[in-house]
Amino acid sequence: MKLHVGSHSYRPYRHGHAGQLPGARAGHDQATKRALIAALGLTAAFMGVEAAVGFIGKSLALLADAGHMLADTGALALALLAQHWSSKPRTERSTYGFQRAEVLAAFLNGAVLAVTAAFILKEALHRWATPQLVWGKGVVITAAAGLAVNLAAAGILSRAKGRSLNVRAAFAHLIADSLGSVAAISAGLAVLLFGAYRADPALSALIALLIAFSGWRVLKETTAILLEAAPPHLDVAAIERTILDSPGVVDLHDLHVWRISDRFDALTVHITLERGKHGIEVCHTVTERLRKEHGLYHVTVQPEAPPPDEVVHVRSRRDGGPIGKVG
């Protein structure tokens with residue numbers, strides 16, 4: 001007979017961050033939502049101003065920054081929607097709840113960053129070949145204001161980004177956009193002081209590379225979760241040693257470690273019991289060691305009885321002496 005024992009058996013509704021009770025998770029969700037709403041309001045309010053000045057002043061760097069700010073607005077709105085869905089209780093059909101909504105939102109944000117970078121880079125190459133007159137003063141003033149807005153929004157999210165991959169993806173948008181604002185300021189100064197109109201597309205290309213890097217990091221992390229790879233902060237070999245070193249365990253197989261959503265790690269494993277050991281006691285020991293040594297709370301351990309001793313048949317010669325063993 002096989003028996004399932006896991007740490008989640010003792011915490012049936014602890015489906016949030018490791019070590020947090022439902023009330024603590026709810027408090028963090030509300031704080032995260034407030035941070036996202038505030039950052040969304042700031043970004044959306046300034047986006048139109050930057051786009052208008054970039055169009056009038058013919059600055060690709062400023063238009064690129066405005067385009068990135070548009071992506072920021074969409075990213076923040078998507079993050080807010082995902083945060084709402086992820087806080088919904090689990091159902092009979094969705095037994096893990098909707099926490100993967102945060103991961104999907106972060107993945108989409110990473111993809112948007114990549115597309116935005118490609119578009120800006122294409123336009124920058126065109127502008128380099130055909131330089132245009134740029135209103136340097138307007139670019140500097142507007143980009144400086146945009147930088148202030150981005151930093152303010154990023155500051156709001158910085159207090160909540162450690163709690164959610166979804167928020168970290170939105171935060172990455174704002175940091176990349178802040179760097180884009182710095183590049184736009186530099187382009188405006190180059191035009192204003194030196195008449196270097198090609199500085200605008202050159203620095204726009206730099207903005208595109210920064211955006212692409214941010215998108216790649218987000219896509220890499222979210223893809224690993226969607227493919228159910230082992231979380232990068234967990235050493236699977238060390239986890240295996242912890243299980244094998246637990247009293248009453250002689251072997252293991254089918255060890256799986258994956259991530260349901262940000263900071264919600266799960267593990268399942270089959271263990272072979274030492275002869276004479278009780279399955280429930282050994283499983284409890286294993287789950288407690290995994291919790292203390294690796295921070296794993298959602299654990300399922302399936303104990304299995306040791307195989308029976310090998311049956312050996314001895315065949316005798318006619319005179320009664322043994323002639324060999326048959327397994």
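Select A238, I239, T242 and I243 in α7; they meet V286, R289, L290, E293 and H294 in α8. Contact here means heavy atoms within 4.5 Å. Helices (H or I, at least four residues) and strands (E, at least two) are DSSP runs, numbered from the N terminus. The residues of this contact are five nonpolar, two polar and two charged.

This is a predicted model: local features need pLDDT of at least 70, side-chain atom pairs count only at pLDDT 80 or more, and totals for chains, interfaces and linings use all residues. Residues are numbered from 1 along each chain as its sequence is written, and side-chain values use heavy atoms, with hydrogens and water left out.

Now follow α8 from end to end. Color its buried residues (under 20% relative accessible area, 1.4 Å probe, protein chains only): G279, V282, C283, V286, T287, E288, L290 and H294.

Next, show the largest nonpolar core, with 18 residues. Such a core joins buried Ala, Val, Leu, Ile, Met, Phe, Trp, Tyr and Cys residues through side-chain atoms within 4.5 Å. α7, β2, β3, α8 and β4 each supply at least two of its residues. Then pick L267, which touches I239, W258 and L290, among others.

Last stop: a second, separate core of 14 residues, including A35, L36, L40 and A79.

Notes
Buried means under 20% relative accessible area, exposed over 50%, partly exposed in between (1.4 Å probe, protein chains only). Ala, Val, Leu, Ile, Met, Phe, Trp, Tyr, Cys and Pro count as nonpolar, Asp, Glu, Lys and Arg as charged, and the others, Gly among them, as polar. Lists of a residue's contacts leave out its neighbours within four places in sequence.
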